Amino acid sequence: MAAAAALEAVAPLGALWGLVQDFVMGQQEGPADQVAADVKSGSYTVLQVVEALGSSLENPEPRTRARGIQLLSQVLLQCHSLLLEKEVVHLILFYENRLKDHHLVIPSVLQGLRALSLCVALPPGLAVSVLKAIFQEVHVQSLPQVDRHTVYSIITNFMRTREEGPFVEELFEVTSCYFPIDFTPPPNDPHGIQREDLILSLRAVLASTPRFAEFLLPLLIEKVDSEILSAKLDSLQTLNACCAVYGQKELKDFLPSLWASIRREVFQTASERVEAEGLAALNSLTACLSRSVLRADAEDLLDSFLSNILQDCRHHLCEPDMKLVWPSAKLLQAAAGASARACDHITSNVLPLLLEQFHKHSQSNQRRTILEMILGFLKLQQKWSYEDKDERPLSGFKDQLCSLMFMALADPNTQLQLVGIRTLTVLGAQPDLLSSGDLELAVGHLYRLSFLEEDSQSCRVAALEASGSLATLYPVAFSSHLVPKLAEDLCSEESDLARGDGPTRCSQHPRCLQALSAVSTHPSIVKETLPLLLQHLCQMNRGSMTPGTSEVIAVCQSLQQVAEKCQRDPESCWYFHQTAVPCLLALAVQASTPEKEHSVLKKVLLEDEVLATMASVIATATTHLSPDLAAQSVAHVVPLFLDGNISFLPENSFSGRFQPFQDGSSGQRRLVALLMAFVCSLPRNVEIPQLNRLMRELLELSCCQSCPFSSTAAAKCFAGLLNKHPAGQELDEFLQLAVDKVEAGLSSGPCRSQAFTLLLWVTKALVLRYHPLSSCLTERLMGLLSDPELGPAAADGFSLLMSDCTDVLTRAGHAEVRIMFRQRFFTDNVPALVRGFHAAPQDVKPNYLKGLSHVLNRLPKPVLLPELPTLLSLLLEALSCPDSVVQLSTLSCLQPLLLEAPQVMSLHVDTLVTKFLTLSASPSMAVRIAALQCMHALTRLPTPVLLPYKPQVIRALAKPLDDKKRLVRKEAVSARGEWFLLGSPGS
Amino acid sequence: MVGSGGMGGGLLENANPLIYERSGDRPVTAGEEDEQVPDSIDAREIFDLIRSINDPEHPLTLEELNVVEQVRVQVSDPESTVAVAFTPTIPHCSMATLIGLSIKVKLLRSLPQRFKMDVHITPGTHASEHAVNKQLADKERVAAALENTHLLEVVNQCLSARS
């Protein structure tokens, strides 16, 4: 027994010796992880690892010693949590001693100390001893970057857990000498350390303790005052980080200087980033002062600090020429945004001043600036909630603010109106501030602004938005003062239409509809607006006046917006679905059933565009239904289409039968688009009655030679259902049916294009869910690229496969869409596309390029970038392709490559310059723009490569400077400007 | 042609200038996105070319110093003429010629060759207005100035995109 146990113990130890040898002498990396794993699993202890390393640690060759220690350090980095206190003490003594060793050994020693600095079991005092040893034995400042980084990590780790007492100043000195970091990683840096990594690590150390404050704050002030942009930014960000751990005590002596520096930067800066960081730092400073707990007798620094800010900023707010008003307001708002107390202090001082200024200035522009500032302060109020109504700082100013706001709303200046609307929204959001009288007046203004002329578009949109957000808060005010007016307008519209004096009033029609949908943000309002809109749609049907397509679409769009707003609330959602879907279906069914006399609306309702908009309303009203309610609805809708069961429609006395799948009229078949919108938006777990029959009917219709609209709708509907169907025998049967149908259709005859459409949609449905059959179908599609008849359509089909649909197969409609499907499609199919391109005869090559372009175009650039070099020769060839889709996609692939891989690209400079210049004269504006952006990106190539082309390029780029399109000229200007600077002094 | 001003000396002539707000990017209109509709070169387009030129002595743009303003740009696309008036920050600014030269070079590099351009000082805003205008209008002197490496360097710095 004992012998067996001993043997078992020896066996892993034997393995350990082998692993150590492989790592130290054999220079293999793998064994380190193996040893660490074994220690973790308990096969042997750290002590045994040290013993096994024994001879290598004493080897006379420093490289061997380094390797030995490296192994130990790597093991410790993974196993430090297992160490006992006693082991930690021994290991630290060992490592401290090793700091005296050869410089080659030091990096591994530091790694080991970093591992130990992470130990929870580190006994008190040892951190001090380690730091002492490091500072004594190693000249940290002259270590390579990686090792300095290690030292900082050690310090950070210690600081996280223990006191650094005796070393504050030394630690500060040794770390702060690198501040601010000014380091650019060398090209091909094997360590991959970025400037940002160093900045963040150093900042973490500097801002780790309030004890550094007395040394750090003067340094930060000095660096903010320097001329170097990066130093300013880094200092302000570090100050911001410090405020998280500092208190009043640390900041007290430096507040005046800090304020002076921040103020200067915000007042004078040329850089928006410095300004933003300055404001952020001021915000943190104020927050820090607001947070500190005071002793009873201490002075509250917050008050004096804020008074200082007010004193330096308030007079700028009152200067008649209004220079520096913005920076002052931004500073005040940054401070006020820090805490409720700061906000109170500043707002109560500034608001009276600004209110007075508003009245002093009479020009709309100046008033707008002042109101915008006031708005900034009002918005800050929303950050704090006040329990007591009387404590709310705004209540005292309410009347004055309201009168200002109404003046702004009534002003003819659009910009001032806009700020007035925003002010109204903000004041309305303050609980219990506005009285019912204020609200009635405000609603009156919003009504007027919602009907503004075309040139005040922005104001009208803002008024509609404001109506929407205020209606959720004050539904009664809007129900009683706005909805009745809009209903009246809609009614008079109808009678105008009937009388035939259209045009003048007709321009109001879409606005009224928009206002109705905008205000439908509260369930109680929807119950009034939805019936109005539906009634209006039915009324158009009855009226004698011809409604145009655009008018019907406008009503549907308005319904669509109401549907979107109802999605948030389950009750409204069901109300909308129950009310609108049967009504829309009834109108459509009625329009499609044969009747002696076709009214005009009936024809209008069956147009592609109108059906698509109606479909979109139905889809939006369905996606958010709960499965129970959806099941109720599907039990009505599917029998309607399969059996002509019209009993659930509100007006169901139609003269003919509704049989879209049997021998119904072509008009009836078109309504499959509405069926698609409904069934393809249902939650996945809702069971669809008679699914098998439905799928077969859809398949039949998809390849039937009726109008393309119906067959495409059927194919999409089939694909949408396929995508959601759970895997299993039934799905396989549906797929087999579909494949048979596609092959039969493609083989010959009149339905080839329908069969192709079906193939495309089925492929898409499967690609999205990573179904194994998708690769077969994609291959079939690729085969069609060389088909003389379907080739171009197949090429464009790749665009459909890669893009997001809006009506079916959407995530919102509960389709199964895997997030990486594009990347996967790229990896699976691009090699085959490239092979196909090379093998294809000349006349169909463009189809392959176009297919490929669609795939590349839709892929996120970061994913694409590493793959592009292998495609480079193809891309260069594609530049000569006459198809503008290919050109555009190729240019947009090459542009980032020029920026990221200038060395590789400079080998092809001659081709690139020639082709880009040719394309900059393309008839397509988008291609011209992309070509000029590439000309700009070319300047990133090494200058010596470019200089021979400079005169030629500058001459050639003079032409697009006179392009008829401004957006093209803009690109030409910046490209040419950069080319001028190449190799020129001062650039 | 340019007097030696406070370049590099650390002492600024106007150390504390007024700063004006930068205008945002020009919003792209539907017409501009329509392939068929030609967009004529207008005052805003010219202003966009010159507003981001850096001032030779401040880390600010000519727009922020109000040296150039859109209202002081006159342009006629059909007649191929453009006139830009610029306003030095102080009446004795020795940088005036250099600023004018930068504007002129920027326009030369950015506008179609058909344009005749006139860059001058806003009347009544500079002590040596006449002399500066004369230098800027003289093609040969402008060309000669750009042969001067030092001047070209400063002009290029003014025209380089600020990071």
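Me: Is Gln895(A) buried, partly exposed or exposed?
Reply: Gln895(A) counts as partly exposed, because its relative accessibility is 25%. Buried means under 20% relative accessible area, exposed means over 50%, and partly exposed lies in between, with a 1.4 Å probe and protein chains only. Please note that this is a predicted model, in which local features need pLDDT of at least 70 and side-chain atom pairs count only at pLDDT 80 or more, while totals for chains, interfaces and linings use all residues. Residues are numbered from 1 along each chain as its sequence is written, chains are lettered from A and ligands numbered from 1 in the order in which they are written, and side-chain values use heavy atoms, with hydrogens and water left out.

Me: Which helix holds Gln895(A)?
Reply: Gln895(A) is part of helix H46 of chain A, residues 884-900. Helices (H or I, at least four residues) and strands (E, at least two) are DSSP runs, numbered from the N terminus.

Me: And which residues does Gln895(A) touch?
Reply: Leaving out residues up to four places away in sequence, Gln895(A) touches Gln933(A), Cys934(A) and Ala937(A). Contact here means heavy atoms within 4.5 Å.

Me: Now chain A as a whole. How many helices and strands are there?
Reply: Chain A has 52 helices and zero strands. Of its 987 residues, 56% count as buried. Among contacts in chain A with a separation of 6 or more, 72% come from residues 24 or more positions apart.

Me: What about Arg44(B) and Asp48(B), how far apart are the closest N and O atoms?
Reply: They are 3.0 Å apart, in a salt bridge between Arg44(B) and Asp48(B). The two residues are separated by about one helical turn, because they are four residues apart in helix H2 of chain B. Arg44(B) is buried at 17% relative accessibility, whereas Asp48(B) is partly exposed at 24%.

Me: Which residue forms a salt bridge with Glu63(B)?
Reply: Arg51(B) does, with the closest N and O atoms 3.0 Å apart. Both residues lie in the loop between H2 and strand S1 (73-76) of chain B, so the pair ties together parts that are twelve residues apart in sequence. Glu63(B) is buried at 7% relative accessible area, and Arg51(B) is buried at 11%.

Me: On to the two chains together. How many residues are in contact?
Reply: 38 residues of chain B are in contact with 26 residues of chain A. The chains bury about 2700 Å² between them, 49% of it on carbon and sulfur atoms. Buried area is the accessible area (1.4 Å probe) that two parts lose on being put together, summed over both.

Me: How many salt bridges are counted between chain B and chain A?
Reply: The count is six. In one of them, the side chains of Asp39(B) and Lys965(A) meet at 3.2 Å, N to O.

Me: Is Arg969(A) buried or exposed?
Reply: Arg969(A) counts as buried, at 3% relative accessibility. Arg969(A) is found in helix H52 of chain A, residues 966-981. Apart from neighbours within four places in sequence, its contacts include Asp39(B), Ser40(B), Ile41(B) and Glu45(B).

Definitions and conventions. Salt bridge = Lys/Arg side-chain N within 4 Å of Asp/Glu carboxyl O.
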